[in-house]
Amino acid sequence: VRAFLSAAAELRELLRADEVDLDGFHRRLVEALALSWDSKTAAFAAKMVLYSCLAAERAWRGGWSVPMPIDYRAALVSLTSGMLRGWSCGADLLSLASRARSAKKSELLRLWRRASEEAGVPPVVLDSAVWVPGGCIESHLRRAEALESCIARLVGRRESFLRALSELWAQLEACSREQA
């Protein structure tokens with residue numbers, strides 16, 4: 001708490017700027033709390049600042065140095081999309097995702113950084129496109145049709161959007177076809 005309070009005034013100033021600097025906020029928080037650059041806590045805090053800016057229609061910039069928060073859902077999507085290899089259709093995907101989030105964290109950070117660059121959006125922005133489907137994947141692991149319905153309920157039924165997101169569970173669909 002003391003470490004955070006020592007940086008609170010500076011963080012508040014960053015948040016009051018006409019254009020919120022996500023990279024500056026993340027960097028200062030990491031310094032103040034003596035966290036590692038890839039700390040999920042700091043990345044999540046920067047993501048919440050981004051969401052606050054979006055909700056309040058405030059200008060923001062950056063986010064390129066804020067890593068994807070590597071959590072259970074990000075690891076699960078990494079596996080079901082085929083970004084991270086090492087599972088088969090019969091494997092316990094939930095256990096693999098749980099282990100991957102720590103054992104493969106640096107590899108996941110690298111993969112999502114690359115995906116972010118390819119998409120042309122900062123990793124912290126890409127995270128929301130990963131986190132929502134990750135929850136649906138977890139809930140509907142063996143039923144791809146229910147998975148797509150779950151995502152459609154959360155983000156709407158825009159076909160082009162759903163088609164693009166379906167890449168995040170493409171390997172699950174391949175397993176469903178194999179088992180049919």
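I looked up Asp-127 and found it in helix 7, residues 123-139. Helices here are DSSP runs (H or I, at least four residues), numbered from the N terminus. I noted that this is a predicted model, where local features need pLDDT of at least 70, side-chain atom pairs count only at pLDDT 80 or more, and totals for chains, interfaces and linings use all residues. Residues are numbered from 1 along each chain as its sequence is written, and side-chain values use heavy atoms, with hydrogens and water left out.

Is Asp-127 buried or exposed? Asp-127 counts as buried because its relative accessibility is 1%; the cut-off for buried is under 20% relative accessible area (1.4 Å probe, protein chains only). Leaving out residues up to four places away in sequence, I saw Asp-127 touch Lys-47, Met-68 and Pro-69. A contact means heavy atoms within 4.5 Å.

Next I checked the cores. The largest nonpolar core has 34 residues. Such a core is a set of buried Ala, Val, Leu, Ile, Met, Phe, Trp, Tyr and Cys residues joined through side-chain atoms within 4.5 Å. Trp-112, Ile-137, Trp-169 and Leu-172 have the most contacts inside the largest core. Which helix gives the most to this core? I found that helix 4 does, with six residues. Apart from this core lies another, of 16 residues, including Val-20 and Cys-53.

Last, I followed Trp-112. Not counting residues up to four places away in sequence, Trp-112 touches Met-68, Ile-70, Ala-74, Val-77, Ser-78, Met-83, Leu-126, Val-130 and Leu-168. Met-68 is also touched by Asp-127.

Definitions and conventions:
Helices (H or I, at least four residues) and strands (E, at least two) are DSSP runs, numbered from the N terminus. Buried means under 20% relative accessible area, exposed over 50%, partly exposed in between (1.4 Å probe, protein chains only).
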